[in-house]
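Subject: Structure handover

Hello,

Here is the structure for your files. My notes on it follow below.

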Amino acid sequence: MKRSLIRRFRKIVGPERCLHSPEDLYAYSHDCYARGNPELVLLPRTREEVSSILKLAHKEGIPVTPRGAATSLSGMTTPVRGGIVLAMNQMNRILEVSTEDRLAVVEPGVVTLRLHQTVESVGLFYPPDPASYSISFIGGNVATNAGGPRCLKYGVTRDYLLGLEVVLADGEVLRTGSRAVKDVTGYDLTRLMCGSEGTLGVITQVTVRLIPKPETKRTILTTYRTLEEASEMVSRIIGAGILPTTLEFMDQAYLRTVEEIMHLGLPTEAAAMLLIEVDGFEETVERQARIVEDFCRRFHVLDVAVGRDPEESDRLWIGRRIGTVGLMRSSKFMISHDATVPTSQIPRLVTETHRLAAEYGIKLVILGHAGDGNMHPIFLLDPDNEEEMARFHRLSREMFRITVECGGTLSGEHGIGLEKRPFLNLQVDAVGMRTMRAIKKALDPKGILNPGKFLDEEPTSPGR
Amino acid sequence: MFPKEEVLREANRCSSCGFCLSVCPVYQAVGIETLGSRGRMDVIRGLLHGELALSSRMEEVLSSCLLCMACQFSCPPGVTAQKVILEARHRAVSQKGLPLLKRLAFRRLLPDRKALSKALRAASALQRRRSNPSHLEELRPLPSLLGALSGGRALPPIAQRALSQRIPARIPPSEKAQRRGSVAIFSGCYLEFVDTPVAEAAVGVLTSLGYEVLLPRDQVCCGAPVLYSGDLEGALPLAKLNAKAFARHGVDTVLTLCATCGSALKEGYGILLPHLEGRELEEVEALRGSVEDLGRFLASTELWQGQPRRTELKVTYHDPCHHVRGMGIQSEPRSLIQGLPGVELVEMTEPARCCGGGGTFSLTHPRISLEIGRWKIEDIRATGASAVVTSCPGCILQIREVALREGLQVEVLHLAQLLERSLIRPFR
C-alpha cells in the first residue's frame, strides 16, 4: 500500500490506532486456522470512522477484513488478499440494557462474557455460549452466527437479534430490524448479515433480545454400552417433552484418550457418555431431572450420576471441560470439525467417521452437542507432516459427503471461512452459489469485504 | 538463557486461541493485539523463526509485558509464556546490549550495597529539593530528568537510615517467648533502603514468637529486575553473592518479605542453575531450598501464643503475581488474616489480578501501568475495606500511588505490619 494512502487512513483514526510495523502486521495476520499478509491495521472507535475507512477503501479498491477476537477456527478473519485488517476491539461499549423491553444494545467489540454478566446482574439472560465466550466478541458472534452447548434449548445467535447497524462496503450505514420482537417489515436483512462472515458489511452496533434468567439447573451424567442406546436416550428424553439446556455427547475414543492423559476416573468401558443439563424453575427442574434419571435407570444404562446442587453439577462437567484441555496439552495440533446432522443420524455419523479415521490412519475422538446433532469430531494431527495433512484433507471430504447424505451440514457453528471452502460444493449447488454471489455483488460490487473466502471462485491457499 | 529448541517448541504450542486475552492486563489496558499476550507470543515466534527482526517495535513488544503470568494460568495448552519472553529478552540484551542506565544499575550498583546506598542518597537529596504536587504529598516524584523519563511517576522517599543501620545483624528472640530457633531475613533493596518499617514489623513478629532473626549484611539485590530484563549475565553474580551470604550462617530458613524477591530466589535462580558449577552451584541450590515467604512460614507454625490484641479493621487482600502464580501462595496469608481477632477480610472481585506495578515496568510504561492500577483501585474501592493488605513492596508502592491519584482513602499495609498490630507486646 502506498505511503500516501496509509497517511489518508491514518488521518481517519489517528496515529495510535493505525498500525503498520512488521510486528503489528504479523500479530493481526491470523486467526486459529490460517495466516495472511495484511498491509495495514486500523482500530476504529466509532461508526463514523468505520464509514470513512470503507468509503476510502471502496474508492481505492483496498480489501478490508473485519476482525473480532480472532477466535475463529476456519480462517474467517484471515486477510488473505492483503489490504486492511479492521480490528473492532476498541468499539466495546454496552450502550443500553433495558429490563423493560428485555433487550441490550451493544457495540461489536463487547466480549460475550461481559454481556452475559451484565444482563444476568439484572435478572436477564443472553443464552448463546460459544466455547470462546470468555474472549469472543458479540460482533464476531453475529458475523459467524455463533452457537454453543446451551443453544439446544435456547437457539443460536441469530435467534437473539432484533436489529443491526452495519456499514456497507461503500461506507453507507445500513440499519436493519427494530427494537420490536416481532418484525416482518421487508427482507430480513438482520438474518442475512448474521453469519455472513464479514463479506457483506461491518457490524457496528447490535441489538439483542434477552430472556429471563433461569432460576436453577440440574446435571445428569450417564454412560452407555452402545452408541445406539445413547442415541435412543436422546430421542426418549426429547419425546417425553423435555428440552434439556445441553445434551453433551462424548465417545469412547474421547473417554479413553482423556483418561490416559489425565486419570480423571472416566468410564473407559462405555461406548458413549451423555451429560444432560436441564434448567428453569426449581420445581420443573426437579421434575425433569427425575424423569431423565428414571429413564436412565430403566433403559440400558451402565451408570448414572445426578448433580443435586450447582457444585455437584459443576463437578460432573469436569470430564467434558478439562478433557479438551488435556487433549490440547498432549497433542501437537488438533482440528475440531463441526459436521452437524439430524439427531437420528448421530450413530451413523459417529460410526462412519471412526471407520474413515481408521482407514486413513488419523487419530480421532468425538464430542458433540447431541441434542441438536452438532458433532465435533476432533482430529489429533501433526501439522509438520504434509502427507498426514493431505490424508486428513481426503478424510474430511469423505466425512462431509456422508454428513450431507445424512441430511446434515458442513458446519453447525464454526463457519466456512477458508477451511471448508473446498467442500462447499458438496452441500451448495450451482443455483445456491449463484444466489449467494448475486447478493454479494449487489452489496459489495468491488468485492473489497473479506475477499478470498467462501464465495470466491479462485482458490486461495492459506499459509499457517 | 534456555535451549533454543525447548523455547521454540514451547512457543509453537500456542494455538492462538486467545483465551489469555481475557486475563492479560496489558491487552485490556491498551486494546492492541501486538502488545497483548497472544500477539506477543506470536510476534516472538516470528522472531525465533527469523521472520521478524529486533526492531524498536519488537523491543516495545518484549518490554510491554508485566510477566504477571496470568496468561500461563488461563492457557489451555499450558504454554509457559514467561520462558519464551525471557528468552526473547535475553536475545535482545545479547544482541543490542542494555540501555546505559540499566547497565549502570545492574552491573555496578545492585551487586554492591554500598555503591547503591551512595547513589540512592544522591538521588534522595535531589528528591527533597523538588516541590511536590499536593495530591502526591506522601510520595516524591523523581528528580526532573528521571521524572520526565518516567511520565511523572512518583517514588517514595529514601529512608534516612537504612535497615541494616537500624537493626543489628542478629536479633535475639523475645525473652518472654518460648525459643523456636533461628531464621534469616532476605530484606531486598526496597525494604533495606526505603520501607524499613515493613522489615522491622517482620522482625518484631518473629522475635515475639521466639525466633532469633539474622539479617546478613553482605546480601545484595535478589536480581529479579536484572534476570527479568533478560540480563542473565548480570543476574549470575547477584545469585552467587546472595548464596554465599546466607551459606555462611547455617540457617535452614531464609524468609522473604517481597513476593518478587522470593520468587526470584526460588524460581528465578532455577533458570541460572545450568550456568553454575561446583561450590557456587551447591550454595545457590541450598539457598533456593531454604527460601520461604514470611506469610506461608507463619501460617505453617502455631502462631500466636496467648491471646493476640484485638484490632478492629476491615481489610482486603491483594495477591501479588509472584505469590499466587509464582510461588503458589494464596490461602496462607488469608488464613493468617482471618485468625486475627477483630479483622474482617472482604475479597475483591479479582484479588489475583496484577496491580500494574511490575517493578521497573511502572517507570518504563507509566501510562499502561497507571491504567492497570486504576482497575485495581476500583476493585479495592468496591470492597469498602479501610486497608488493603499484600505481601510485596512493589505492589504496595503501586497501589499507594494510584490510590492517591484516584482519591481513594485506603491504608496500604504489608502483611507483616498487620500481624505486628495484633501482637500483645509491640516490638518497638
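How many residues lie between β17(A) and β18(A) in the hairpin that they form? There are four residues between the two strands, and Gly373(A) in the turn has a positive phi of about 70 degrees.

Before the rest, the conventions. This is a predicted model, in which local features need pLDDT of at least 70 and side-chain atom pairs count only at pLDDT 80 or more, while totals for chains, interfaces and linings use all residues. Residues are numbered from 1 along each chain as its sequence is written, and chains are lettered from A and ligands numbered from 1 in the order in which they are written.

Chain A overall

Chain A has 16 helices and 18 strands; both are DSSP runs numbered from the N terminus, helices being H or I with at least four residues and strands being E with at least two. The C-alpha trace of chain A spans about 70 × 60 × 40 Å along its principal axes. A compact globule of 464 residues would have a radius of gyration near 23 Å, and the 23 Å of chain A agrees with that. The radius is taken over C-alpha atoms, and the globule rule is 2.2 Å times the number of residues to the power 0.38.

Of the 464 residues of chain A, 51% count as buried. The burial classes rest on C-beta atoms placed from the backbone: a residue is buried if 20 or more other C-beta atoms lie within 10 Å of its own, exposed if 12 or fewer, and partly exposed in between. Among contacts in chain A between residues at least 6 apart in sequence, 71% join residues at least 24 apart; a contact requires C-beta atoms, placed from the backbone, to lie within 7 Å.

Strands around β17(A)

Strand β17 (residues 363-369) of chain A has six of its seven residues buried. β17(A) pairs with strand β18 (residues 374-381) of chain A in the antiparallel sense, over seven bridges; two strands pair if DSSP finds at least two bridges between them. Leu364(A) is opposite Phe379(A) in β18(A). β17(A) is also joined to strand β13 (residues 246-251) of chain A, by three bridges and again antiparallel. There, Phe249(A) has Gly368(A) in β17(A) as its bridge partner.

Strands around β6(A)

Strand β5 (residues 94-98) and strand β6 (residues 103-106) of chain A pair in the antiparallel sense over four bridges. These two strands form a hairpin with four residues between them, and Arg102(A) in the turn has a positive phi of about 45 degrees. Four bridges also join β6(A) to strand β10 (residues 202-209) of chain A, in the antiparallel sense. Val106(A) of β6(A) is the bridge partner of Ile94(A), and Val106(A) in turn has Val206(A) in β10(A) as bridge partner.

Chain A against chain B

23 residues of chain A are in contact with 22 residues of chain B. On the chain A side, the elements that give two or more residues are α2 (22-27) and α12 (318-330). α2(A) gives the most, with five residues. By class, the chain A side has 13 nonpolar, seven polar and three charged residues. Here Ala, Val, Leu, Ile, Met, Phe, Trp, Tyr, Cys and Pro count as nonpolar, Asp, Glu, Lys and Arg as charged, and the others, Gly among them, as polar.

Chain B

The domain assignment of chain B gives domain 1 (4-96) and domain 2 (313-421). Their C-alpha centres lie 26 Å apart. Twelve residues of domain 1 of chain B are in contact with 13 residues of domain 2 of chain B. On the domain 1 side, α2 (25-30) and α5 (70-74) of chain B are the elements that give two or more residues, and α2(B) gives the most, with four. That side has ten nonpolar, two polar and no charged residues.

One residue of chain B to note is Ala352(B), in the loop between β9 (343-345) and α20 (361-364). Ala352(B) is partly exposed because 18 other C-beta atoms lie within 10 Å. Apart from neighbours within four places in sequence, Ala352(B) is in contact with Asp319(B) and Val324(B).

Regards

Conventions
Contact = placed C-beta atoms within 7 Å. Domains from an automatic or database assignment.
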